[in-house]
Amino acid sequence: MVILTSVLTTGALTLTACGSRDDSGDKGGDNGSGTTLTIGVDAPLSGENSTTGLGIQYGAQIAIDDANKNNWVPGVKFKLKALDDKAQPATGQTNATNIVGDKTAVGAVGPLNSGVAQTMQQVFASANMVQISPANTAPELTQGKNWQSDKKRPFKTYFRTATTDELQGSFAAGYAYNGLKKKKAFVVDDKQTYGAGLAKIFNEQYKKLGGKVVGTDHVNTGDKDFGSLVTKIKNSGADLLYYGGQYDESALITKQLKDAGVKIPLFGGDGMFATTYIEAAGKSSEGDLATAIGVPADTLPAAKTFIQTYKDKGYKGDYGAYGAYAYDATTAIIKAVKAAADANGGKVPTDINDLRSKVVDGVQKADFEGLTGKIAFDEYGDTTNKQLTVYQVEKGAWKAVETGTADLQ
């Protein structure tokens with residue numbers, strides 16, 4: 001096997017022969033010649049949000065293993081570089097710097113949290129390296145801070161295989177009002193980019209539909225005691241609690257709410273769509289709901305092998321939320337590398353900066369059938385796949401109850 005090394009002063013690549021192992025532990029080889037390229041992954045791999053973060057890591061790993069096993073790019077072996085951002089923006093920025101500093105790295109998958117993404121985008125853009133998130137949903141990441149009135153793409157290097165909160169929040173509002181027939185909602189968020197943005201959109205769309213928001217409040221990530229919040233919700237007369245945030249806090253909120261005798265469902269976004277939510281909340285989670293991007297992975301024929309591989313490998317975390325989307329994001333990068341090689345006489349460009357630039361262009365032109373459906377990106381870097389699903393906890397498990405697209409009012 002030939003390993004790619006770098007000449008930092010010129011950005012050129014040189015080849016040296018030696019052995020290598022990818023993160024799966026399989027011995028790499030391609031008949032004695034080739035290059036090794038790195039794809040970075042950034043996600044919370046420990047602590048809060050790690051259940052879904054690990055799903056991203058291992059979704060990407062399975063794509064890399066498939067690419068190497070099936071020789072998707074002749075002469076090239078891919079390896080994964082997984083970094084833990086602990087759901088902290090500053091750590092994510094440091095990890096982005098680490099990835100772009102690796103002169104074998106051609107792209108990155110992640111992060112999970114939109115707030116973390118905001119600190120990473122400029123780093124990748126400065127290096128002209130592609131970044132594809134399988135999970136970020138904040139509209140401003142692709143459409144700019146004034147996205148509601150004047151959409152402008154801030155970074156040409158940033159893409160996502162997840163749809164936006166504009167669609168997710170609206171879809172939830174529609175199901176809450178028309179599907180659940182809930183007319184009075186109390187809206188809470190965790191003050192983070194993702195949670196606050198999602199709650200704001202739900203609030204706006206729910207009221208446009210005719211629903212009444214009887215109260216709003218905010219919590220801090222890491223909070224454990226929600227007694228005062230529970231009292232406010234109880235006194236408001238709400239028949240639904242909508243929560244913008246992650247499963248760590250929402251699981252505690254729903255448990256304390258039900259323990260206080262407030263038997264109303266908690267409805268949230270994809271940040272709480274994880275088995276850990278049900279495990280942490282226990283029986284209190286019964287009847288609660290969450291929206292998630294795409295359609296259920298286990299209903300997609302192309303995803304069946306992926307799911308079986310994930311289980312057979314004994315990977316930790318939850319593949320259900322973003323695993324297949326991480327697989328498709330990783331595949332988009334690999335296919336862009338192949339396109340760059342095909343345009344260069346079958347050889348990967350030896351200048352890393354040139355290769356990174358061509359990968360960005362290749363991802364923008366992506367058009368293939370992935371595990372989650374068609375993979376393509378619009379002029380903002382957003383996925384063209386706008387499918388969403390509402391899940392409800394039934395008998396201790398998430399069950400899909402509605403799939404479709406948002407009807408923006």
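The largest pocket lies between domain 1 (35–162 + 297–377) and domain 2 (166–293 + 389–405), because both give residues to its lining; the domain bounds come from an automatic or database domain assignment. The model is predicted, with local features needing pLDDT of at least 70 and side-chain atom pairs pLDDT 80 or more, while totals for chains, interfaces and linings use all residues. Residues are numbered from 1 along each chain as its sequence is written, and side-chain values use heavy atoms, without hydrogens and water.

A pocket is an open set of points on a 1 Å grid over the protein atoms alone, where a 1.4 Å probe fits and protein lies on both sides within 12 Å along at least five of seven lines; lining residues have an atom within 4 Å of a point. The volume of the largest pocket is about 340 Å³ (the space filled by probe spheres set on the points, which are joined across faces, edges and corners). Its lining has 16 residues, of which Phe273, Asp298, Tyr319, Gly320 and Trp398 are the closest to the centre. Two or more lining residues come from each of α9 (275–281), α11 (319–342) and β16 (397–404), and β16 gives the largest share, 4 residues. Helices (H or I, at least four residues) and strands (E, at least two) are DSSP runs, numbered from the N terminus.

By class, this lining has 9 nonpolar, 3 polar and 4 charged residues. Nonpolar means Ala, Val, Leu, Ile, Met, Phe, Trp, Tyr, Cys and Pro, charged means Asp, Glu, Lys and Arg, and the others, Gly among them, are polar.

The second largest pocket has a volume of about 280 Å³. Asn49, Ala87, Asn113, Gln192 and Thr221 are the closest to its centre among 19 lining residues.
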